[in-house]
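Hi,

Here's the structure I promised to pass along.

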Amino acid sequence: MVYTHDVKKAAEILSGSRFAIALTGAGISADSGIPTFRGRDGLWQGYRPEDLATPEAFRRDPVKVWRWYLWRLELISSAKPNDGHKALAALEKLGVLKCVVTQNVDCLHQLAGSRCVIELHGNIRRARCDNCGYKDDVSRILGDIPPHCPRCNHIMRPDVVWFGELIPDDIWEKTVELFTRSDVVLVVGTSSTVMPAAMLPVMSKEKGARIIEVNVESSALTYITDIFIRGRASVVLPAILREVENMIRR
Ligand code: APR
(Lines give C-alpha, C1' and ligand atoms only; values in the text may rest on other atoms or scores of the structure.)
Protein backbone atom coordinates (compact mmCIF):
# COMPACT_ATOMS: atom_id res chain seq x y z
CA MET A 1 0.00 0.00 0.00
CA VAL A 2 1.33 3.42 -0.97
CA TYR A 3 0.42 5.11 2.28
CA THR A 4 1.64 2.43 4.71
CA HIS A 5 4.22 4.77 6.18
CA ASP A 6 1.67 7.51 6.83
CA VAL A 7 -0.83 5.04 8.28
CA LYS A 8 1.85 3.83 10.73
CA LYS A 9 2.78 7.40 11.61
CA ALA A 10 -0.88 8.32 12.18
CA ALA A 11 -1.34 5.25 14.39
CA GLU A 12 1.76 6.17 16.39
CA ILE A 13 0.51 9.70 16.96
CA LEU A 14 -2.94 8.46 17.96
CA SER A 15 -1.57 5.77 20.29
CA GLY A 16 0.64 8.31 22.04
CA SER A 17 -2.05 10.95 22.32
CA ARG A 18 -3.51 12.31 25.52
CA PHE A 19 -6.82 13.55 24.11
CA ALA A 20 -7.52 12.66 20.48
CA ILE A 21 -10.79 13.58 18.80
CA ALA A 22 -12.20 13.25 15.28
CA LEU A 23 -14.00 15.72 13.07
CA THR A 24 -16.01 14.09 10.30
CA GLY A 25 -17.91 15.24 7.25
CA ALA A 26 -19.99 13.82 4.42
CA GLY A 27 -17.01 11.89 2.97
CA ILE A 28 -17.06 9.32 5.76
CA SER A 29 -20.65 8.39 4.85
CA ALA A 30 -19.99 8.38 1.09
CA ASP A 31 -19.04 4.70 1.23
CA SER A 32 -22.39 4.00 2.89
CA GLY A 33 -24.05 5.32 -0.25
CA ILE A 34 -24.95 8.78 1.05
CA PRO A 35 -24.05 11.56 -1.39
CA THR A 36 -21.65 14.30 -0.28
CA PHE A 37 -22.45 17.97 -0.86
CA ARG A 38 -19.61 19.30 -2.97
CA GLY A 39 -18.23 16.24 -4.75
CA ARG A 40 -18.77 15.52 -8.44
CA ASP A 41 -22.07 13.81 -7.62
CA GLY A 42 -22.62 15.99 -4.56
CA LEU A 43 -26.05 17.30 -3.59
CA TRP A 44 -25.08 20.92 -4.25
CA GLN A 45 -24.40 20.08 -7.90
CA GLY A 46 -28.07 19.39 -8.53
CA TYR A 47 -29.73 21.57 -5.88
CA ARG A 48 -29.25 25.11 -4.61
CA PRO A 49 -28.67 25.44 -0.85
CA GLU A 50 -30.51 28.79 -0.86
CA ASP A 51 -33.66 26.99 -2.10
CA LEU A 52 -33.51 24.16 0.45
CA ALA A 53 -31.24 24.73 3.39
CA THR A 54 -31.87 28.22 4.75
CA PRO A 55 -34.52 29.62 7.12
CA GLU A 56 -35.71 31.89 4.28
CA ALA A 57 -36.22 28.91 1.96
CA PHE A 58 -38.28 27.19 4.67
CA ARG A 59 -40.43 30.29 5.23
CA ARG A 60 -40.96 30.61 1.47
CA ASP A 61 -41.81 26.98 0.74
CA PRO A 62 -41.87 24.59 3.72
CA VAL A 63 -43.42 21.80 1.65
CA LYS A 64 -40.56 21.85 -0.86
CA VAL A 65 -37.96 21.88 1.92
CA TRP A 66 -39.68 19.03 3.79
CA ARG A 67 -39.97 16.94 0.62
CA TRP A 68 -36.25 17.30 0.01
CA TYR A 69 -35.42 16.37 3.59
CA LEU A 70 -37.76 13.36 3.48
CA TRP A 71 -36.09 12.19 0.29
CA ARG A 72 -32.69 12.47 1.99
CA LEU A 73 -34.05 10.79 5.11
CA GLU A 74 -35.19 7.85 3.03
CA LEU A 75 -31.70 7.50 1.52
CA ILE A 76 -30.11 7.76 4.94
CA SER A 77 -32.56 5.36 6.61
CA SER A 78 -31.51 2.54 4.34
CA ALA A 79 -27.77 3.27 4.81
CA LYS A 80 -25.57 1.30 7.20
CA PRO A 81 -22.38 2.37 8.97
CA ASN A 82 -19.31 1.41 6.94
CA ASP A 83 -15.88 0.23 8.09
CA GLY A 84 -14.77 3.86 8.54
CA HIS A 85 -17.51 4.61 11.07
CA LYS A 86 -16.81 1.26 12.76
CA ALA A 87 -13.07 1.94 13.00
CA LEU A 88 -13.72 5.25 14.80
CA ALA A 89 -16.07 3.46 17.23
CA ALA A 90 -13.39 0.80 17.84
CA LEU A 91 -10.74 3.49 18.45
CA GLU A 92 -13.03 5.02 21.08
CA LYS A 93 -13.53 1.61 22.69
CA LEU A 94 -9.75 1.21 22.90
CA GLY A 95 -9.62 4.54 24.74
CA VAL A 96 -7.59 6.14 21.95
CA LEU A 97 -10.29 8.42 20.58
CA LYS A 98 -12.25 10.50 23.06
CA CYS A 99 -15.05 11.86 20.91
CA VAL A 100 -16.34 12.30 17.36
CA VAL A 101 -17.59 15.72 16.32
CA THR A 102 -19.56 15.35 13.13
CA GLN A 103 -21.11 17.67 10.58
CA ASN A 104 -23.23 14.76 9.39
CA VAL A 105 -26.90 14.45 10.26
CA ASP A 106 -27.18 10.75 9.46
CA CYS A 107 -26.61 9.12 12.88
CA LEU A 108 -24.21 6.55 11.38
CA HIS A 109 -21.53 7.15 14.02
CA GLN A 110 -23.98 6.27 16.78
CA LEU A 111 -25.20 3.24 14.83
CA ALA A 112 -21.59 2.10 14.44
CA GLY A 113 -21.20 2.16 18.22
CA SER A 114 -19.51 5.52 18.89
CA ARG A 115 -20.71 6.74 22.28
CA CYS A 116 -19.38 10.27 22.42
CA VAL A 117 -20.79 11.94 19.31
CA ILE A 118 -21.43 15.64 18.93
CA GLU A 119 -23.74 16.57 16.07
CA LEU A 120 -22.78 20.06 14.96
CA HIS A 121 -25.47 20.31 12.29
CA GLY A 122 -28.30 18.46 14.02
CA ASN A 123 -29.99 15.22 13.04
CA ILE A 124 -32.17 14.62 10.01
CA ARG A 125 -34.19 11.95 11.81
CA ARG A 126 -35.60 14.57 14.22
CA ALA A 127 -38.12 17.38 13.76
CA ARG A 128 -38.36 20.45 15.95
CA CYS A 129 -40.89 23.13 16.78
CA ASP A 130 -39.32 26.59 16.93
CA ASN A 131 -42.37 27.93 18.76
CA CYS A 132 -42.42 25.70 21.86
CA GLY A 133 -39.17 23.74 21.52
CA TYR A 134 -40.84 20.31 21.15
CA LYS A 135 -38.67 17.72 19.39
CA ASP A 136 -39.58 14.29 18.12
CA ASP A 137 -38.61 11.64 15.60
CA VAL A 138 -39.74 12.62 12.13
CA SER A 139 -41.41 9.22 11.79
CA ARG A 140 -43.66 9.95 14.80
CA ILE A 141 -44.95 13.38 13.81
CA LEU A 142 -45.26 12.88 10.08
CA GLY A 143 -48.76 12.95 8.66
CA ASP A 144 -49.30 16.12 6.71
CA ILE A 145 -46.40 17.84 5.02
CA PRO A 146 -45.34 20.13 6.59
CA PRO A 147 -45.99 18.47 9.95
CA HIS A 148 -47.51 20.44 12.81
CA CYS A 149 -46.43 20.40 16.43
CA PRO A 150 -48.57 18.04 18.55
CA ARG A 151 -48.21 20.47 21.46
CA CYS A 152 -48.80 23.92 19.99
CA ASN A 153 -49.80 23.22 16.38
CA HIS A 154 -47.01 25.43 15.01
CA ILE A 155 -45.32 24.22 11.82
CA MET A 156 -42.37 21.91 12.58
CA ARG A 157 -38.99 21.89 10.82
CA PRO A 158 -36.14 19.40 10.37
CA ASP A 159 -33.87 19.57 13.44
CA VAL A 160 -30.80 20.56 11.46
CA VAL A 161 -28.63 23.66 11.27
CA TRP A 162 -29.18 25.57 8.03
CA PHE A 163 -26.94 28.08 6.29
CA GLY A 164 -27.17 31.39 8.11
CA GLU A 165 -28.05 29.73 11.44
CA LEU A 166 -25.94 29.34 14.53
CA ILE A 167 -24.94 26.04 16.05
CA PRO A 168 -26.86 25.78 19.38
CA ASP A 169 -24.84 27.37 22.22
CA ASP A 170 -24.51 24.25 24.39
CA ILE A 171 -23.21 22.16 21.49
CA TRP A 172 -20.82 24.85 20.34
CA GLU A 173 -19.39 25.39 23.82
CA LYS A 174 -18.78 21.67 24.31
CA THR A 175 -17.18 21.47 20.86
CA VAL A 176 -14.82 24.40 21.48
CA GLU A 177 -13.84 22.83 24.80
CA LEU A 178 -12.98 19.55 23.04
CA PHE A 179 -10.94 21.19 20.29
CA THR A 180 -9.11 23.41 22.76
CA ARG A 181 -8.26 20.41 24.92
CA SER A 182 -7.27 18.00 22.16
CA ASP A 183 -3.66 17.19 21.29
CA VAL A 184 -4.56 15.23 18.13
CA VAL A 185 -7.39 15.88 15.67
CA LEU A 186 -8.30 13.27 13.06
CA VAL A 187 -10.16 15.07 10.27
CA VAL A 188 -12.10 12.74 7.97
CA GLY A 189 -14.02 13.37 4.76
CA THR A 190 -14.78 17.06 4.95
CA SER A 191 -14.04 19.76 2.39
CA SER A 192 -13.51 22.09 5.39
CA THR A 193 -15.27 24.91 3.61
CA VAL A 194 -18.20 25.47 5.95
CA MET A 195 -17.79 27.70 8.97
CA PRO A 196 -17.58 27.48 11.88
CA ALA A 197 -16.70 23.74 11.69
CA ALA A 198 -13.79 24.44 9.33
CA MET A 199 -11.99 26.60 11.88
CA LEU A 200 -12.06 24.01 14.67
CA PRO A 201 -8.90 22.08 13.69
CA VAL A 202 -7.14 25.42 13.12
CA MET A 203 -8.01 26.34 16.70
CA SER A 204 -6.47 23.07 17.93
CA LYS A 205 -3.41 23.49 15.74
CA GLU A 206 -2.78 26.94 17.20
CA LYS A 207 -2.75 25.32 20.64
CA GLY A 208 -0.14 22.79 19.49
CA ALA A 209 -2.31 19.83 18.42
CA ARG A 210 -1.29 17.57 15.58
CA ILE A 211 -3.69 17.21 12.68
CA ILE A 212 -4.18 13.99 10.70
CA GLU A 213 -6.41 14.19 7.65
CA VAL A 214 -8.05 11.36 5.68
CA ASN A 215 -9.66 12.37 2.42
CA VAL A 216 -9.82 11.21 -1.21
CA GLU A 217 -8.52 14.62 -2.22
CA SER A 218 -6.92 17.59 -0.56
CA SER A 219 -9.24 19.99 1.24
CA ALA A 220 -9.17 23.61 2.36
CA LEU A 221 -7.53 22.36 5.56
CA THR A 222 -4.78 20.18 4.12
CA TYR A 223 -2.21 22.99 4.39
CA ILE A 224 -2.20 22.74 8.20
CA THR A 225 -2.09 18.95 8.45
CA ASP A 226 0.86 17.04 9.89
CA ILE A 227 -0.18 13.90 8.04
CA PHE A 228 -2.45 13.76 5.02
CA ILE A 229 -3.59 10.31 3.93
CA ARG A 230 -5.25 10.20 0.55
CA GLY A 231 -7.85 7.47 0.40
CA ARG A 232 -11.35 6.37 1.25
CA ALA A 233 -12.30 6.61 4.89
CA SER A 234 -13.71 3.06 4.84
CA VAL A 235 -10.27 1.75 3.83
CA VAL A 236 -7.83 4.10 5.57
CA LEU A 237 -9.49 4.21 9.02
CA PRO A 238 -9.55 0.40 9.43
CA ALA A 239 -5.87 0.37 8.39
CA ILE A 240 -5.07 2.94 11.08
CA LEU A 241 -7.10 0.93 13.62
CA ARG A 242 -5.14 -2.27 12.81
CA GLU A 243 -1.85 -0.45 13.38
CA VAL A 244 -3.08 1.03 16.65
CA GLU A 245 -4.18 -2.44 17.81
CA ASN A 246 -0.75 -3.86 16.93
CA MET A 247 0.98 -1.09 18.84
CA ILE A 248 -1.19 -1.58 21.91
CA ARG A 249 -0.60 -5.37 21.87
CA ARG A 250 3.17 -4.98 21.66
N1 APR B 1 -13.47 9.00 2.03
C2 APR B 1 -12.92 10.15 2.50
N3 APR B 1 -13.25 11.36 2.02
C4 APR B 1 -14.16 11.42 1.03
C5 APR B 1 -14.76 10.25 0.48
C6 APR B 1 -14.39 9.01 1.04
N7 APR B 1 -14.90 7.85 0.59
N8 APR B 1 -15.63 10.65 -0.49
C9 APR B 1 -15.56 11.98 -0.54
N10 APR B 1 -14.69 12.47 0.37
C11 APR B 1 -14.36 13.86 0.70
C12 APR B 1 -14.36 14.85 -0.45
O13 APR B 1 -13.10 14.87 -1.09
C14 APR B 1 -14.68 16.15 0.25
O15 APR B 1 -13.50 16.79 0.72
O16 APR B 1 -15.40 14.31 1.56
C17 APR B 1 -15.50 15.72 1.47
C18 APR B 1 -16.96 16.08 1.39
O19 APR B 1 -17.08 17.46 1.39
P20 APR B 1 -18.51 18.18 1.39
O21 APR B 1 -19.39 17.56 0.38
O22 APR B 1 -18.28 19.65 1.31
O23 APR B 1 -19.11 17.77 2.82
P24 APR B 1 -18.84 18.46 4.25
O25 APR B 1 -17.47 18.98 4.34
O26 APR B 1 -19.29 17.47 5.26
O27 APR B 1 -19.85 19.67 4.20
C28 APR B 1 -20.03 20.48 5.35
O29 APR B 1 -21.83 21.63 4.27
O30 APR B 1 -23.80 21.77 3.04
C31 APR B 1 -23.24 21.70 4.29
O32 APR B 1 -24.44 21.11 6.20
C33 APR B 1 -23.75 20.53 5.12
O34 APR B 1 -22.60 19.40 6.93
C35 APR B 1 -22.48 19.85 5.60
C36 APR B 1 -21.44 20.95 5.45
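Which atom of the ligand does a polar side-chain atom of His-121 lie 2.9 Å from? It's an oxygen atom. Bear in mind that this is a predicted model.

The side chain of Ser-191 puts an N or O atom 2.6 Å from a ligand oxygen, and at Ala-26 a polar backbone atom sits 2.8 Å from an oxygen of the ligand. On its own the ligand would expose 740 Å², and the protein buries 91% of that.

As for the shell, 22 residues surround the ligand, with Phe-37, Arg-38, Thr-190, Ser-191 and Asn-215 the closest. By class that's 10 polar, 8 nonpolar and 4 charged residues. Helix α2 (residues 26–30) supplies the largest share, 3 residues. Domain 1 (1–34 + 81–121 + 167–250) and domain 2 (35–78 + 122–160) each contribute at least three residues to the shell.

Now the salt bridges, of which I count 14. Asp-136 pairs with Arg-140, with the closest N and O atoms 2.8 Å apart; Asp-136 is buried at 11% relative accessible area, whereas Arg-140 is exposed at 62%. Glu-177 and Arg-181 also form one, at 4.0 Å from N to O. Those two are 4 residues apart in helix α10 (residues 169–181), so about one helical turn separates them. There's a network as well, linking Glu-119, Arg-126, Arg-128, Asp-130, Lys-135, Arg-157, Asp-159 and Glu-165.

Cheers

Key
Residues are numbered from 1 along each chain as its sequence is written. This is a predicted model: local features need pLDDT of at least 70, side-chain atom pairs count only at pLDDT 80 or more; totals for chains, interfaces and linings use all residues. Side-chain values use heavy atoms; hydrogens and water are left out. A residue is near a molecule or strand if one of its heavy atoms lies within 4 Å of it. A polar contact is a pair of N or O atoms within 3.5 Å; within protein, one must be able to donate a hydrogen and the other to accept it, and residues adjacent in sequence count only if both atoms are side-chain atoms. Accessible areas come from the Shrake-Rupley method with a 1.4 Å probe; for residues, only the protein chains shown count as cover. Ala, Val, Leu, Ile, Met, Phe, Trp, Tyr, Cys and Pro count as nonpolar, Asp, Glu, Lys and Arg as charged, and the others, Gly among them, as polar. Domain bounds come from an automatic or database domain assignment. A salt bridge is a side-chain nitrogen of Lys or Arg within 4 Å of a carboxyl oxygen of Asp or Glu. Buried means under 20% relative accessible area, exposed over 50%, partly exposed in between (1.4 Å probe, protein chains only).
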